[in-house]
Amino acid sequence: MRRILLLLCFFTSCFALFAQQEGALVNLMIEVRDSASLQPLADVMCRVVNSKGKLLSYKIADEKGHLSLTAHNEDILTFTLIGYGKRKINVHDIRQQAKQPTVILLSPKQVELKEVVVKLSL
């Protein structure tokens, strides 16, 4: 009887540990800015991708560069905006301070056009 009770306790504690690992959601407040001018960037897309590369969700920054989202500790955030370089950050690397958004800086990047066609209309 003692062994059965001990085994039961062991299995229930294992299930609780696995449930905590899978459900480790983090609430993030982020502010995206230009790295040169430190001005907020609107319309930045933030994709939440799991460790296998599957898209889980996405958010778009408002006119002040703010966005809030939830992600797991093992997820990766990818920030993109035309005219800026792509930035990837692991969620577990983000240090969230109480009621202060984490500032993410994007660097300007020139976009080279492959081909330009000019048509003259008469």
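**View 1. Four strands make an open antiparallel sheet.** Across the sheet, the strands run in the order S3-S2-S5-S6. Strand S3 (55-60) and strand S6 (87-90) take the edges, and each has a single partner strand, so one side of each is left without a neighbour in the sheet. From one strand to the next, the twist averages 20 degrees. As a reminder, strands of a sheet pair through backbone hydrogen bonds, either parallel or antiparallel.

**View 2. Strand S5 meets its partner S6.** Here we look at S5 (residues 76-80), which pairs with S6 in the antiparallel sense over four bridges. Leu 77 has Ile 89 of S6 as its bridge partner.

**View 3. The largest nonpolar core holds 19 residues.** Which of its residues touch the most other members? They are Ile 30, Val 32, Leu 69, Leu 77 and Phe 79. Two or more residues each come from strand S1 (25-34), strand S2 (45-49), strand S4 (66-72), S5 and strand S7 (102-106). Zooming in on Leu 77, and leaving aside residues up to four places away in sequence, its contacts include Leu 28, Ile 30, Cys 46, Val 48 and Leu 69. Leu 77 also touches Arg 87, Lys 88, Ile 89, Val 91 and Ile 94, among others.

**View 4. Residues 15-21 have pLDDT under 50.** For this stretch, the model has zero contacts beyond four places in sequence. Please look at this view with some care: where pLDDT is low, the predicted coordinates should not be read in detail. For the chain, pLDDT averages 85, and 82% of the residues score at least 70.

Technical notes:
Residues are numbered from 1 along each chain as its sequence is written. This is a predicted model: local features need pLDDT of at least 70, side-chain atom pairs count only at pLDDT 80 or more; totals for chains, interfaces and linings use all residues. Side-chain values use heavy atoms; hydrogens and water are left out. Two strands pair if DSSP finds at least two bridges between them. Axes are lines fitted to C-alpha atoms, for helices over the stretch in contact, and angles run from 0 to 180 degrees between N-to-C directions. A nonpolar core is a set of buried Ala, Val, Leu, Ile, Met, Phe, Trp, Tyr and Cys residues joined through side-chain atoms within 4.5 Å. Buried means under 20% relative accessible area, exposed over 50%, partly exposed in between (1.4 Å probe, protein chains only). Contact means heavy atoms within 4.5 Å. pLDDT is the predictor's confidence in each residue, from 0 to 100.
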